Amino acid sequence: MAVERALISVFDKSGIVEFAKRLAALKIEILSTGGTAKLLREAGVSVRDVSDFTGWPEMLGGRVKTLHPKVHGGLLFRRRNAEDQKQAAEHGIAPIDLVVVNLYPFEATAAKAGLTAEELIENIDIGGPTMLRSAAKNFESVTVVTDPEDFERVAKELESAGDTTLATRLELARKVFATTSRYDGTITMELERLAAASGNISLEARPVLPQRVHIALRRQQELRYGENPHQAAALYVPAGRKPEGLAAAKQLQGKELSYNNFVDLEAARSLAAEFSKPAAVIIKHNNPCGTAEQGTLREAYLKALACDPLSAFGGVLAFNRMVDAATAEEVAKLFVECIAAPGFDEKSKAIFAAKKNLRLLELPPGGLEPEGELQLKRILGGMLVQQPDLGEVQESELRTVTKRAPTAEELHTMRFAWKVAKHVKSNAIVFAKDGATLGVGAGQMSRVDSVKLAVMKAQSPLAGSVVASDAFFPFPDGVEEAAKAGATAVIQPGGSVRDADVIGAADRLGLAMVFTGMRHFLH
């Protein structure tokens, strides 16, 4: 059936005038409200007010505009159902065949500084979601558009056939219910900020861990496979807004990405983001096998590679600067799976182009920011939720617990090694010197074994190095092994019931030891 009547009521008016003109050219009657009607009239589009269509004025300060049987009857009556047609005729209900509605920007309003409780409440859209849901439910007969990106597609189908296809209407209906579901979820979470006391409503800060967590995701891309080839996988991003961070990275070349690629890329990206000077990170199986912060990117890469060149083979790299030709020439000598960076200059792209399967990902602006969203991990029957580990220790908060205080150079290296240890799977041990890791011990069930593993993996002498531990040493043995390998200073959280024994061992061995008071377990 040809579209005869459209109802247009939008907050985001992007492209709406051009779209309405194309509808008007097809002799489609346009109903509208408020600011949308005013805009269309000023653009020369003939518009009929919804209040004229229903016979009822807008009321209650604009809260009631389209909540009327003539609107929702016109959307919901089934065109092929004889009883529906009869009742519509009896009550003077005319069909509305096309609805174009988008919603008050509740999420953006909720994020405003200085927001009041009244503003938050008044930006809850009622009429818009109600029309969208009515139209979407009756998608067999009604076309519903909530995204300006769909204007062109709908206009072309109307111009070609006088109506949209059933497949299009079904797809648009799915998009609507995804939109209203996400909208209601956002409202649910934001209303937790309201407090009622003494008959008044006040707006408070968002709770760190809300009572309810609503997450709406859309599939952005299917991946090559999951952790293993027999597992299907895909990348999902938050619905209703543009992708950010690694999820918004532009792949410049290379094979299709897998689940493991993204996991390792995020590990690499998040560690590279820790540093202000040029830094290089090499990740293998979600653990750093080399990290360095140096005067140039090339120097950083070479020092990171020197930590564990064997493990670096087939690894994933991240840089916190645009990759230049000098760095690319060195990287090209090694087989790596993926590289993420804020950019690649033309010469480096030409160098990497010879490696057809190498995946290059250009991070978007903000792509080196720390993760700020709540972290989720599934368990059978539930979901664990926590804040991201954004804990940082200021130099003034470090506490020297040994007789010998660290030198300025040791303290500088401690802070570097501590940043790296935060990104190593527990139990984590990092040996470092001169702005680079020398040995990394990851994921061992015993901390002393992580020390031994780091020593075993080291390719350079550890004399004069600093050791970072993500959690306390439960016994003196880990410190003793580190000193035996050549370490002269240790940074760790402290907090063991045997701290006195560990400190005593450090004093006996001439080590400087600093407590951070903060743990960085990573599982």
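Helices (H or I, at least four residues) and strands (E, at least two) are DSSP runs, numbered from the N terminus. Keep that numbering in mind for every stop below.

This is a predicted model, where local features need pLDDT of at least 70, side-chain atom pairs count only at pLDDT 80 or more, and totals for chains, interfaces and linings use all residues. Residues are numbered from 1 along each chain as its sequence is written, and side-chain values use heavy atoms, with hydrogens and water left out.

**Stop 1: the domains**

Colour three ranges. Domain 1 covers 5-194, domain 2 covers 248-362 and domain 3 covers 396-515. These bounds come from an automatic or database domain assignment. Now place a centre on domain 1 and another on domain 3, using C-alpha atoms: they are 62 Å apart.

**Stop 2: Lys-27**

Select Lys-27. This residue sits in the loop between helix 1 (16-25) and strand 2 (29-32). Lys-27 is exposed, at 73% relative accessible area. The cut-offs are these: buried is under 20% relative accessible area, exposed is over 50%, and partly exposed is in between (1.4 Å probe, protein chains only).

**Stop 3**

Side chains of opposite charge can pair when their charged atoms come close. The rule used here for a salt bridge asks for a side-chain nitrogen of Lys or Arg within 4 Å of a carboxyl oxygen of Asp or Glu. By that rule there are 31 salt bridges.

Within it, Asp-52 meets Arg-48 at 2.7 Å, N to O. Asp-52 is partly exposed at 48% relative accessibility. Arg-48 is partly exposed too, at 28%.

**Stop 3: a charge over a ring**

Move to Phe-77 and Arg-79. The charged end of Arg-79 sits over the ring of Phe-77, 4.4 Å from the ring centre. The test is NZ of Lys or CZ of Arg within 6 Å of the ring centre and within 35 degrees of the ring normal.

**Stop 4**

Leu-217 belongs to strand 8 (residues 217-222). Its relative accessible area is 49%, so Leu-217 counts as partly exposed.

**Stop 6**

Select Arg-241 and Glu-373. Their side chains form a salt bridge at 3.8 Å, N to O. Glu-373 is in the loop between strand 15 (359-362) and strand 16 (375-379), and Arg-241 is in the loop between strand 9 (234-238) and strand 10 (250-253), so the pair ties together parts 132 residues apart in sequence. Glu-373 is partly exposed at 47% relative accessibility. Arg-241 is partly exposed at 34%.

**Stop 5: Asn-286**

Asn-286 lies in the loop between strand 11 (279-284) and strand 12 (287-293). Its phi is near 70 degrees, again positive in a residue other than glycine.

**Stop 6: an aromatic pair**

Six aromatic pairs are present in the structure. To pair, rings of Phe, Tyr and Trp (its six-membered ring) need centres within 6.5 Å; planes under 30 degrees apart count as stacked, over 60 as edge-to-face and the rest as tilted.

Show Tyr-301 and Phe-319. This pair is tilted, with 6.4 Å centre to centre and 55 degrees between the planes. Tyr-301 is in helix 12 (residues 297-307) and Phe-319 in strand 13 (residues 315-319), so the pair ties together parts 18 residues apart in sequence. Tyr-301 and Phe-319 are both buried.

**Stop 7: the cis peptide**

Zoom to Ser-426 and Asn-427. A cis peptide bond joins them, with omega about -5 degrees. Asn-427 is in the loop between helix 16 (408-421) and strand 19 (429-433).

**Stop 10**

Finish at Asp-470 and Arg-447. Their closest N and O atoms are 2.7 Å apart, in a salt bridge. Asp-470 is in the loop between strand 21 (466-469) and helix 18 (477-485), while Arg-447 is in helix 17 (residues 447-457), so the pair ties together parts 23 residues apart in sequence. Both Asp-470 and Arg-447 are buried.
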